[in-house]
Amino acid sequence: MTESRHLTVSIDRPAAAVYAYARDPAHLPRWAAGLADGIRRERGEWVADSPMGRVLVRFVPVNEYGVLDHDVVLPDGTTTTNPLRVLADGPDRSEVVFTVRRAPGTPDEAWAADTDAISTDLQTLKRVLEAG
């Protein structure tokens, strides 16, 4: 069984606004440090230069449920699915939940670094959205 950790952040913005912002790949460099070097559209795909090299980012289709699951395809073709949700918490607040899955054989230090990086990204998303 895969080990998972659910990382969350509460954001003082309506879920629809958080979803609309977070689902736009063009916004990723503003809050996802691993894609800080930018993301662009190439041949119908979202392509990013990341610390791992050139990666593809593929989101699920727009939906009414706040689901922002996305695949990251690494340069070697390995695909990692990242479950991501925006949940309403009343009319003016939301909670963002990112499920981090530990790949088999991942050392404790790498697992901790990955979860810390994603926690930081979620805090950045909160700051960006709450700043308006």
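This is a predicted model: local features need pLDDT of at least 70, side-chain atom pairs count only at pLDDT 80 or more; totals for chains, interfaces and linings use all residues.
G77 takes a positive phi near 95° in the hairpin of strand 5 and strand 6, where 5 residues lie between the strands.

Strand 5 and strand 6 pair in the antiparallel sense, with 4 bridges. To find one of the contacts, pick V73, whose bridge partner in strand 6 is T79.

Move to residues 45-50 and 53-59, which are strand 3 and strand 4. These two run antiparallel and are joined by 5 bridges. Select V47 here, and then its bridge partner L56 in strand 4.

The last stop is the largest pocket, which holds about 910 Å³ of space. Select M52, V72, N82, D114 and I118, the closest to the pocket centre of the 33 residues that line it. Then colour the elements that give two or more residues to the lining: helix 2 (28-31), strand 5 (70-73), strand 6 (79-82), strand 8 (94-101) and helix 3 (108-130). Which of them gives the largest share of the lining? Helix 3 does, with 7 residues. Colouring the lining of the largest pocket by residue class gives 21 nonpolar, 8 polar and 4 charged residues.

Notes:
Residues are numbered from 1 along each chain as its sequence is written. Side-chain values use heavy atoms; hydrogens and water are left out. On a 1 Å grid over the protein atoms alone, a cavity is a set of points where a 1.4 Å probe fits but cannot get out, and a pocket is an open set with protein on both sides within 12 Å along at least five of seven lines; lining residues have an atom within 4 Å of a point. Grid points are joined across faces, edges and corners, and a volume is the space filled by probe spheres set on the points. Ala, Val, Leu, Ile, Met, Phe, Trp, Tyr, Cys and Pro count as nonpolar, Asp, Glu, Lys and Arg as charged, and the others, Gly among them, as polar. Two strands pair if DSSP finds at least two bridges between them.
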